[in-house]
Amino acid sequence: GLVLMFTFMWWKQLYIQRDLAVIKYFPLNQKAAFIKTTSSLVMPKQEKDTEQYDVALSTESILNQTSYLRQDFSLLFQNGRLKEFTKKWEQNTDRISQKTTIKAHESSLFQVVTIHYAEIHTEDDKITSSFKLTDSNLFVIASRYGPTKAFHSPETEEQKEWAFTLSSVSNSRLTKVLNRYTDNKKIDITKYHVVPLTQFLTEEKRLLTGYSDQKRLEITEKLWEAFYSIYVSGIKKQDGTVINPIDSTIPLILRKQDSNILIILIQDKSGNIHEYYQQLP
């Protein structure tokens, strides 16, 4: 108990100077809830037939109360690699929205994952938090012979073929990372749950099987705190140097059946694989 108390007091003193633009785990506030959260990817209308096109990412979130700190932070991937990350924070507000546009030129699958986060200071001086995740996909078919087309989920036969092709590009990129890792570590991957960060929302229950809803929320927020420090702030190498995360692969989250450790795998733009461990409760 003593150690915890000491670090907490030390943390309180540092608190005044700390970087507000980070995601930090605090106990979840039971009364705070997000009444609106969205991540949206669209391709604005092209002026003319060119291979280059724009993709607009917008996020919005509204909490049911004003909070000390509101933040939205998004990771945007193109064909399995990090293309852009955006973050915006404001103090003493309930809502936040951000927009960003990127340029691209090849047929691509775009995937975004956003954490909408609030740090709430209660009357009794406790610091609590609330968060929600959202995600979105956009398939873009670029052609030099006609208009560039975009869709969210395939409907026509042509769209289904494209969706399969573009998903395969991203999947094979991640499979290569996984195979390199398992060959190197000599592990039997059939005993593991493997979830790319872009599928975390749909796979979270399966990945964190054995944990209550409340515990899963806690683990998820701590996971995003980790992503912030090991990924967005730059990929930390063993020797202490930091690499820009742009062009690195979608982080893979691995958990061996019933294990209390999550393994995070990221391949940087130079092809080096970095592994991180997160202890589960």
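Modeller: Let's start with Asn-79, which sits in the loop between β2 and β3 (81-104). Please keep in mind that this is a predicted model. The backbone of Asn-79 has a positive phi of about 50°, although the residue is not a glycine. Is Asn-79 buried or exposed? Asn-79 counts as buried because its relative accessibility is 6%, and the cut-off for buried is under 20%.

What does the side chain of Ser-61 make a polar contact with? One partner is the side chain of Arg-70, at 2.8 Å, and another is the side chain of Asp-72, at 2.9 Å. Leaving out residues up to four places away in sequence, Ser-61 also touches Phe-34, Lys-36, Thr-37, Asp-94, Arg-95, Ile-96 and His-116, along with Arg-70 and Asp-72 themselves.

The largest nonpolar core has 46 residues, and Leu-75, Trp-224 and Tyr-231 touch the most other members. Helix α4 (residues 213-232) gives the most to this core, with eight residues. A second, separate core has 13 residues, among them Met-43, Tyr-53, Ala-104 and Val-140.

Next, have a look at the largest pocket, which has a volume of about 260 Å³. Its lining includes Val-22, Ile-23, Lys-24 and Tyr-25, as well as Lys-222, Glu-225, Ala-226, Tyr-228, Ser-229 and Ser-233. By type, the lining residues divide into five nonpolar, two polar and three charged.

Finally, there is another loop to set beside the one we began with. Asp-247 lies in the loop between β9 (242-243) and β10 (252-256). Its phi is near 75°, a positive value in a residue other than glycine. Asp-247 counts as partly exposed because its relative accessibility is 37%, whereas Asn-79 counts as buried at 6%.

How values were computed:
Residues are numbered from 1 along each chain as its sequence is written. This is a predicted model: local features need pLDDT of at least 70, side-chain atom pairs count only at pLDDT 80 or more; totals for chains, interfaces and linings use all residues. Side-chain values use heavy atoms; hydrogens and water are left out. A nonpolar core is a set of buried Ala, Val, Leu, Ile, Met, Phe, Trp, Tyr and Cys residues joined through side-chain atoms within 4.5 Å. Buried means under 20% relative accessible area, exposed over 50%, partly exposed in between (1.4 Å probe, protein chains only). Helices (H or I, at least four residues) and strands (E, at least two) are DSSP runs, numbered from the N terminus. A polar contact is a pair of N or O atoms within 3.5 Å; within protein, one must be able to donate a hydrogen and the other to accept it, and residues adjacent in sequence count only if both atoms are side-chain atoms. Contact means heavy atoms within 4.5 Å. On a 1 Å grid over the protein atoms alone, a cavity is a set of points where a 1.4 Å probe fits but cannot get out, and a pocket is an open set with protein on both sides within 12 Å along at least five of seven lines; lining residues have an atom within 4 Å of a point. Grid points are joined across faces, edges and corners, and a volume is the space filled by probe spheres set on the points. Ala, Val, Leu, Ile, Met, Phe, Trp, Tyr, Cys and Pro count as nonpolar, Asp, Glu, Lys and Arg as charged, and the others, Gly among them, as polar.
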